[in-house]
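Welcome! Please have a look at it first, and then read on.

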Amino acid sequence: MTSYYGRPVVKEPTWTWEIPTYFFTGGLAGASSVLSLGAKIARNEKLSKTALYIGAAADAVSPALLVSDLGRPERFHHMLRVVKVTSPMNIGAWVLLVSGGASNTAAALELLGRLRPVKLAAEAVAALAGPPLATYTGVLVADTAIPVWHEGRRELPWIFGASAAASAGAAACMFVAPAEAGPARRLAVGAVAAEGALMQTMELRLGKIGEVYRKGAAGKLSLAAKALAGTGALVLARRGAKSRRSAVLGGALVCAGELCMRWTVYKAGFQSARDPQYTIEPQRARLRT
Amino acid sequence: MGSNFAENHPVGFQWVMEARERGATVIHIDPRFTRTSAMATKWVGLRAGSDIAFLGGVVNYILQNDLHFEEYVKHYTNAPVIIDDTFADTEELDGLFSGWDPEKSAYDTTMWKYEGMEMHGAAGNREEGFGPHGHQAGHGGAGGGLQHGEPPSEDPALTHPRCVFQILKRHYQRYTPEWVAETCGCSVDDFIYVCEELVRNSGRERTSAFAYAVGWTQHTVGVQYIRTAAIIQQLLGNMGRPGGGILALRGHASIQGSTDIPTLFDILPGYLSMPHAETYGDFDDFMQANTSPTGWWGHFKAYWISLMKAYFGENATEDNDWLFKKLPRIDKDNSAYWTLEQMIEGKVKGYIVAGENPAVGNANGKAHRLALAKLDWLVVRDLVEIETASFWYDSPEIETGELTTEQIPTEVFFLPAAAHTEKDGSFTNTQRLLQWHWQATEPKDDCRSDLWFYFHLGRRIKQKLAESKDERDALVNSLRWEYPTHSQIQEPDAEAVLAEISGWEIPTGKHLSAYKELKDDGSTVCGCWIYCGVYADGINQAARKKPHWEQTYVAPEWAWAWPANRRILYNRASADPEGKPWSERKKFIWWDGTKWTGEDVPDFEDTKAPDYRPPDGAKAEQAIAGDHPFIMQADGRSWLYVPQGLEDGPLPAHYEPHESPFDNTLYSQRANPARQQHKNASWDPYNPVDGEGGADVYPHVFTTYRLTEHHTAGGMSRSVPYLAELQPAMFCEVSPELAAEAGLEHGGWATIYTARAAIEARVLVTRRMKPLVVNGRTTHQIGLPYHWGTRMLTSGDSANDLMHAALDPNVHIMETKAATCGIRPGRRPRGKALADFVAEMREQAHSRRSQEQRVEPGEVRKT
Amino acid sequence: MTTVEQERVGFFTDTSICIGCKACEVACKEWNLVPQDGQTWTGQSYDNTGELNANSWRHVAFIEQEKPLRTNGDGGVGLRWLMESDVCKHCTHAACLDVCPTGSLFRTEYGTVVVQQDICNGCGYCVPACPFGVLDKRHLAPAPDLPAFAKEDGRVWKCTLCYDRLKGGHEPACAKACPTKSIQFGPLDELRQRADERLAKLEHEGWNGAQLYGRDPDDGVGGFGAFFLLLDEPEIYGFPPDPVVSTKHLPQMYRSMAAAAAAVVVGVAAAFVGGRS
Amino acid sequence: MKLGETIASWPVLRQFREGDLLGLGQSVQSRRSKTLKPRIDEADHVVQSICPYCAVGCGQLVYVKDGEVTHIEGDPASPISRGRLCPKGQASKSYVQSPLREYTVKYRRPYATTWEELDLETAMDMIADRVVETRAAHWQQATDKGDPANRTLAIANLGGATLDNEENYLIKKLCVGLGIVQVENQARI
């Protein structure tokens, strides 16, 4: 493989730890809002409230993380300077604004127990903003020149969505008594399974490009993610219904697993950018056909 | 050849690229494959220091195959002239010409003269058995005591065995393609290709040009390198014609100006020679010795007296011989390296350095730094603190313990200088163009122009000596030293100085428009006769900036070229003897029946008809016939054979560099016998050469050079962030073969050593360096840029520290382009260990050498 | 008020006449006051700049090859030294521009792509988005115009094709300086025509590997505003052989996002439904 | 600026107003971009100069604002360079404004280990004294043969190839007057 002194063709992202962490919190927030509304409809007030609070909390830390990653934090509001459909990050900023605004309004009113209609509206809005919030980050990373991300564009929103659902479910399990946490448990377990399957599909389809998921930091994180989420799901499935302690443990493990999964994808991108062969070879192949 | 056009003159190279795009053949002949080679139609690699062999081979190829431009050669060169029978060639004397004096290690140049006449050089002096020196050799246009412009005996048929043409033929007959390939390490095919292309692109319809630089001058036989090219260009009829000639690519903004208006020991402005201490009783002898009866040097007296009037005004009069008796006298050599020797011996007390960095830029840098430590006082003027100013606390010798700051007596003044944007003035570029640059801003704080410094220094000194009746102060007190000044810092008016250089008529005060107007009766002032007219009509002609799109391609109204705004010298040669252009394609100057006309200012008297024949007794230019274009020469012809003016022979012969791993396969005289050496100097030890024991301690050839990204000794580039980052480290270029042989690792470090010093450099292994097979033996060449020193934004060891200071005998230039060295992996020793390492290697070499001492005619080498 | 649209301009960099002098690099830095990029000796031929980044907007690549310059054997020595001055491509379809969330990156009236330094908040999205690795965040100590708490410049910088000079009717600094006019500036259509003629000439002269890169308006980025004549495959110079603007697939990505979003809802619903049964 | 204008200039609104729905073009142009001017158009004056590096002699345009050089670029009028410059010539401004540039006199006493400050006038006077004294102490009136010598071999002057012709002229003229014959420059190296 020829390249210019083995130098990378595309640049690694300049993003730091806040971004993969946000992928997690954002997903958690989005899915939690949905879970909350679902529970409300299912008349599971306890679960609904908890999910609402979790979502609101996650929604609150997310912007902080994003702002702190900016090169010029004092200019965070420039994100809302335009409406750009071509920029997943811009769309995401608007979605986060809506979702965060709504979920936190709802949570606040819930606490104060005032203005019920407004609260309901806010919950609805948050639930509407939730799914896009949980999945757009997949598009965000896919919409780059980084081979392992761009080529994974079909699966990434699904994987991030699943991961979001899993973390939302798992988080709820930790704070709701097993009796009321049934749906959350099922959500967590189901999502972990789905996500595992999706990851496999993606890696297989990516072929050589996908090998970064088995190499270096990404490889290690990927194993950790699978192990943690897997074990967590198992614990929740087996003993989550009976023991509160297991529920907390299982929930924590799944959340940790999902966080690792975000880091896996994040790190894989850097590794994919660093080695020019991942950029050049597929393009060469494309030209040959 | 001998230059790296693309890298060191990139903007000038645009014209070469345009020519290439229009189908011109561009050939680069160089030891290294450089950025120029990459752009050339053809690159021919050759061994550093073997250029005369190559060029001599071309001469031989042309002559053996009768490919010379016959009409041009017959009429415009001295090919037909018959040489005195006292001349004997290197072919007869095994590498020496007749007249060699082993005692003086010098030639008696009178044995090379034209037959039937006492040879008589112009601007120069040749008593004491040595001819004109330094730049007179190149520019003096030595002439003969011809009764009229024609030499006494000629053979128009070019068949007489002693006519120049036949001598040339014999001299180069052994420079066969096979021998050239052997000696230069190139292939016979490549050599033939070059010959064929040169011939194919010369003649009536086409012209070829040579572009050289210090790759030719920096040799112990440097002047002869250029002479060989001159012979080729004369044989092919490429001189004085558009697209022809030999272009010197000079490396400093005004290096041409600093030779025209010299800051050089042996000449005065306009290449007028300084009087020598050993010679010239009185003024008339001096005039007689320097005035050529024929050719433009016939007006030497007018040039001289006009200069004296510029220097001393009314104090210079006919009665006091224009102060001739009071003028300082020079010796045969008071050049920079002679000064170095004197300095080391403690004989030089004060040293003023303005805009130069000898501690890095000169050969054998260590010797220069040790010498600086022997001075009483030193003045350094520059924009930044260069190594020459800081030697007393951060030179490598401080590290090795050879110098100790507390023991250095030198008093050092560092004076910040003004930049080109902070002063008015003119640079003379490589095409002899005087270009004015206007001041843009005022210099800050203590920054001052050198004009300011020398003017006010002179003013103060004159004040201090004003009352002195001492004989030695008479001359300085006679100096004309009034120049108008402006601004609070009292900056002298540069245009007033330019006006003095250009000259005026004393009675009327009218500014002169050409050197033809100069008088020898003291009625004209002119500070530099060849610059006469640059201030014609009281207008600064050098400041003319008419855009090129508003004038012809010759652009005569952009700046001003010396002499007389002529863009191509000797351009009468662009027309045939009858004055018709050689061809429509190449027409430039021609005779229209009544006068000379064309694209350029004719380098000929406007109305001298092609059929003009000088009457007997004609003097100066009148003695030059109408079909002899080379009007500075006494005989009006260009010289294939130089009967007068050179120290080391009338014809170039191949000599090995002073230090070479190879023997001379042509003559038993290995190197230029007349080269200047510091044989017994402990500060300039030499590496053993082929045939001596110990030569294998320094088995490789190295050559030094510049990079596009840096400038000379680095003062103007290591101080600039944007340049420093482009080439941030001293490195050496070696071939993969040498790397394997010496165990050098790409990107690692190497230590390069000679008998003088050892330096370290990063290793750049590259295919662009090729091992050459010379005389059946493989040799490796090492490339070393020489920009680095101990200071500034990027620092590193100086390549020049490795160099010896053996010199060309004509112009006293050192041989930085070819010498021998050893190389080993890793960084050099530090501290005292470094000095020990160098000494140890030297001992190794010299102990073996003393057993098998090589003795050559005319030189017994010692160290 | 909107600025009047001008003719689209760009660069045609003809590497067959590049002498590798790096005047373009210095001219760019002098004009745009780009900071020094550090002094590391790479040993990669004469290239000590290495790449385009926030502090090098022109980068001259040096490639030493044992290949003849011409295939017709004319004067060849089986050795060639390729030099090429790289720069931002000012793509017709520019990923950096598309993904910029603040509108800091924008398409100027000259059809060039410029980062507006008074807008950029250093989100860094354009950095991995560029298929050529041109854009880069500046991590140098803050300039005086930055707020006290800023620990670094933090903004993204790249070639502006001398936007300010264009507004004054001057050609970009690098093109103006280029001694051999290897860098040519002008209306894009004109440059493309010139490039075609140049390529034809070189092919006729048998130049080894001569090809245009980024000239084709139908390529993955809709053609470059700054395109090249190369003497070997793009990857030899560190270019992607077939760059595609990532946003070309954005609709597809949004579709799969929508589906995934729906799936989340379905999944949650299922979690409840599943519980009942 | 009024609140109204601020809102009106909000690119989101401009996107729709100016029909630049994707927000890729003019609608997102910032105030700075809109009012941008090349600094050479703001110069107080422009000076035609010549590059100080090699001997090709390329034309330079030096732009000055408030007494400071703000930019240096090629002079298109020059038939030699046609407005082009090499990296060194192009870096001329950075050279004349080098971070290493010295602006005041530095003086080192014999045997001293450090520089000290010295005012220019004093320095000039000291240097003049050094020249006068050294000349007096090491003057050679005549050669051994009795021919005139009129010189001192104890003072040498080096440099010139980077200086102006006018400067070299004064150097040579002064040295001839003073009997300093060791006058040399880079032409020798």
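**A helix in chain A**

In H10(A), the buried residues are Pro276(A), Gln277(A), Tyr278(A), Thr279(A), Ile280(A), Gln283(A) and Arg284(A). Please keep in mind that this is a predicted model.

- The buried residues of H10(A) have packing partners in chain A, namely helix H5 (147-150) and helix H9 (244-274).
- Helix H10 of chain A covers residues 276-288, and its 13 residues should span 18 Å at 1.5 Å a residue; the end C-alpha atoms are 18 Å apart, which agrees.

**How the chains meet**

- Five pairs of chains touch, and the pair with the most contacts is chains B and D.
- Chain A and chain B, on the other hand, share no contact, and their closest C-alpha atoms lie 13 Å apart.
- Between chain A and chain D, about 680 Å² of area is buried, and carbon and sulfur atoms give 60% of this area.
- Of the area that chain A buries against chain D, 63% is supplied by Arg81(A), Val83(A) and Lys84(A), more than any other three residues.
- On the side of chain A that touches chain D, five residues are nonpolar, one is polar and two are charged.

**Ile236(C), a buried loop residue**

- Where in chain C is Ile236(C) found? This residue is in the loop between strand E10 (226-230) and helix H7 (250-276).
- Ile236(C) has 15% relative accessibility, so it counts as buried.
- Leaving aside neighbours within four places in sequence, Ile236(C) is in contact with Thr2(A), Ser3(A) and Tyr4(A), as well as with Ile63(C) and Gln65(C).
- Leu82(C) is 154 residues away from Ile236(C) in sequence, while their C-alpha atoms are 9.8 Å apart in space.

**Asn565(B), a buried residue in chain B**

- Asn565(B) sits in the loop of chain B between strand E20 (560-561) and strand E21 (589-591).
- With 10% relative accessibility, Asn565(B) counts as buried.
- The side chain of Asn565(B) reaches the backbone oxygen of Pro556(B) at 3.0 Å.
- Apart from neighbours within four places in sequence, the residues in contact with Asn565(B) include Arg544(B), Trp560(B) and Asp600(B).

**Salt bridges**

- Over all chains, the rule counts 97 salt bridges.
- One of them joins Asp450(B) and Lys423(B), with the closest N and O atoms 3.9 Å apart.
- That pair links distant parts of the chain, 27 residues apart: Asp450(B) is in helix H21 (residues 450-465) of chain B, and Lys423(B) is in the loop between strand E13 (411-416) and strand E14 (425-428). Both Asp450(B) and Lys423(B) are buried.
- Arg828(B) and Asp797(B) also meet through their side chains in a salt bridge, at 2.7 Å from N to O.
- Arg828(B) lies in the loop between strand E30 (819-825) and helix H26 (832-851) of chain B, and Asp797(B) in the loop between strand E29 (781-785) and E30, so the pair ties together parts that are 31 residues apart in sequence.
- Arg828(B) is buried at 10% relative accessible area, and Asp797(B) counts as buried at 14% relative accessibility.
- Glu21(B) and Arg20(B) form a salt bridge too, their closest N and O atoms being 3.0 Å apart.
- A network of salt bridges links Arg20(B), Glu21(B), Asp14(C), Arg70(C), Arg198(C), Lys201(C) and Glu205(C).

How values were computed. Residues are numbered from 1 along each chain as its sequence is written. Chains are lettered from A and ligands numbered from 1 in the order in which they are written. This is a predicted model: local features need pLDDT of at least 70, side-chain atom pairs count only at pLDDT 80 or more; totals for chains, interfaces and linings use all residues. Side-chain values use heavy atoms; hydrogens and water are left out. Contact means heavy atoms within 4.5 Å. Helices (H or I, at least four residues) and strands (E, at least two) are DSSP runs, numbered from the N terminus. Buried means under 20% relative accessible area, exposed over 50%, partly exposed in between (1.4 Å probe, protein chains only). Buried area is the accessible area (1.4 Å probe) that two parts lose on being put together, summed over both. Ala, Val, Leu, Ile, Met, Phe, Trp, Tyr, Cys and Pro count as nonpolar, Asp, Glu, Lys and Arg as charged, and the others, Gly among them, as polar. The expected span of a helix is 1.5 Å times one less than its number of residues. A polar contact is a pair of N or O atoms within 3.5 Å; within protein, one must be able to donate a hydrogen and the other to accept it, and residues adjacent in sequence count only if both atoms are side-chain atoms. A salt bridge is a side-chain nitrogen of Lys or Arg within 4 Å of a carboxyl oxygen of Asp or Glu.
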